[in-house]
Amino acid sequence: MRGGGGGMAPARSSIDSSPYHSNLSRSPASCPAPQGSSENLQDVTRAGNEWYKKGQYSEALRHYDQAVTLCPDSAACRSNRAAALIGLGRLAEALRECEEAIRRDPASGRAHARLAALCLRFGMVERARKHFMLAGQANQSDPAELHRLQAVERHLGRCMDARKIRDWKSALREADAAIVSGADSSQFDAAVTMAEKASVIDPGNAEVGRIISNIRLVAQARAQGNDLFKAGKFAEASVAYGEGLKYEPSNPVLYCNRAACWSKLGRWVKAVEDCNEALKVQPGYMKALLRRATSYAKLERWADCVRDYEVLRKELPGDTDVAESLFHAQVALKTSRGEEVTNMKFGGEVETVTGIEQLQDAIHSPGVSVIYFMATMNQQCAQITPSVDSLCSECPSVNFLKVNVDESPMVARAENVRIVPTFKIYKDGARVKEMICPSLHNLCYSVRHYAVSSS
């Protein structure tokens with residue numbers, strides 16, 4: 001695989017917490033399992049989820065296998081199993097498991113979303129788009145994944161255009177760009193094949209001959225590096241990737257793969273250097289950016305680390321791992337500057353405020369706080385409250401609080417709130433925005449904006 005060598009794991013928030021998810025095609029009672037197995041299924045799934053969140057995909061898979069055995073018709077169980085397989089790099093098996101989940105429940109949005117992402121990684125863009133659309137119908141689509149799909153489509157289109165005019169350099173460059181954009185497990189051999197055909201048609205073309213020679217040497221070095229990496233021979237893999245860079249010095253995938261080797265060897269400065277080179281060639285290379293952010297954290301270069309995680313947070317708004325890493329980097333940065341961090345917290349539920357002192361403590365705490373003034377019987381509040389809860393989960397580095405103006409009128413008067421819903425956003429004790437009866441779009445945009453700027 002051209003993108004091999006320590007690929008980025010899937011977002012760990014993407015597992016189903018219960019095997020009896022709404023995506024199920026059959027009720028729990030209809031699963032062919034013995035009496036009392038319902039609790040066992042819940043326990044097995046819960047245990048698998050805990051291992052998955054820790055990044056222990058082999059253990060997670062073992063539990064998800066048990067869950068599938070207990071309830072083979074559960075789309076959620078099979079989708080969770082696919083997530084563990086992705087974490088282990090067993091992408092073909094994961095793809096088949098997603099297909100099986102959809103066969104048993106065609107309305108499983110989570111399975112469609114996961115299958116779409118896998119199809120994209122394999123370069124099957126038309127199929128990926130189909131499943132992205134089906135996931136979107138179930139409100140399970142990921143805007144970041146759709147953005148990757150569009151980037152891959154764009155680069156593949158340019159690759160095809162370059163092939164038509166026999167511009168082999170551009171064809172190969174665009175194929176690599178497609179890999180960087182998300183199709184990291186594809187075999188883009190078409191450009192190579194066409195170049196070889198060109199050498200037959202025009203045997204005297206020295207440029208085509210040189211390109212073919214370099215292609216073969218780069219492909220050989222990349223394949224060797226991938227095999228060595230998978231075998232745990234990271235030093236040898238770094239040498240192999242370096243050999244490939246001799247023939248294609250602007251290949252971002254080779255730089256990123258070699259950075260993965262340096263990370264495994266604890267050579268964080270070298271990892272940063274190679275990530276820098278990859279990002280010079282392909283500034284939007286998320287895998288290289290993530291690898292560099294991790295390396296900065298190991299080097300305790302917290303300002304650089306926060307900057308990279310902020311970019312990743314914008315590109316991957318639904319990735320709770322990135323959100324948590326950003327939060328911890330922000331805490332470390334503030335600590336290194338001697339700033340107060342004791343009141344900073346990560347995640348949790350929307351906190352209910354009942355007193356003025358409690359509100360003032362929240363407002364003046366470090367980081368970003370969103371204060372939601374609401375009323376139980378207000379129709380607009382009833383409509384927007386579920387979205388506030390979702391934002392709280394999506395932006396765990398933000399402190400969310402709500403004030404029920406009927407139950408705490410003194411707090412509302414102290415803040416001069418007369419209309420609900422009203423939102424006030426504070427950053428490090430200073431109010432940065434106030435919104436009265438905002439649209440859902442404006443609310444989400446504002447919260448996400450300040451969430452990624454809370455350094």
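**A short note on the sheet and its helices**

1. A word on the basis. This is a predicted model, in which local features need pLDDT of at least 70, side-chain atom pairs count only at pLDDT 80 or more, and totals for chains, interfaces and linings use all residues. Residues are numbered from 1 along each chain as its sequence is written, and side-chain values use heavy atoms, with hydrogens and water left out.

2. The overall picture. The protein has 20 helices and 5 strands; helices (H or I, at least four residues) and strands (E, at least two) are DSSP runs numbered from the N terminus. Of its 455 residues, 51% count as buried, where buried means under 20% relative accessible area, exposed means over 50% and partly exposed lies in between (1.4 Å probe, protein chains only). Among contacts with a separation of 6 or more, 62% join residues 24 or more positions apart; a contact means heavy atoms within 4.5 Å.

3. The sheet. The 5 strands form an open sheet with mixed pairing, in the order S1-S3-S2-S4-S5. Its edge strands are S1 (351-352) and S5, each pairing on one side only. Two strands count as paired if DSSP finds at least two bridges between them. S1 and S3 (residues 399-404) pair in the parallel sense over 2 bridges, and Thr352 has Lys402 in S3 as its bridge partner.

4. Around S4. S4 (residues 422-427) pairs with S5 (residues 430-436) in the antiparallel sense over 6 bridges. S2 and S4 are also antiparallel, over 6 bridges. S4 is mostly covered, with 5 of its 6 residues buried.

5. The hairpin. Between S4 and S5 there are 2 residues, and Asp428 takes a positive phi near 50° in this hairpin. Lys427 has Ala430 in S5 as its bridge partner.

6. Helix H20. H20 (residues 440-451) lies across S2 (368-374), S3, S4 and S5, running at about 170° to S5. For such angles, axes are lines fitted to C-alpha atoms, for helices over the stretch in contact, and the angles run from 0 to 180 degrees between N-to-C directions.

7. Helix H18. H18 bends by about 30° at Thr385, and Pro386 follows within four residues; the bend is the angle between axes fitted to the seven residues ending at a residue and the seven starting there. Its 16 residues reach 24 Å from first C-alpha to last, close to the 22 Å expected at 1.5 Å a residue, the expected span being 1.5 Å times one less than the number of residues. The buried residues of H18, including Ile384, Val388 and Leu391, pack against H15, S2, S3, S4 and H20.

8. Helix H15. H15 (residues 302-315) has 14 residues and reaches 20 Å, close to the 20 Å expected. Among its buried residues are Val306, Tyr309 and Leu312. The buried residues of H15 pack against H14 (286-298), H16 (320-336) and H18.

9. A look at Glu236. Glu236 sits in H11 (residues 234-247) and counts as partly exposed because its relative accessibility is 42%. Its C-alpha atom is separated by 9.3 Å from that of Gln224, 12 residues apart along the chain.
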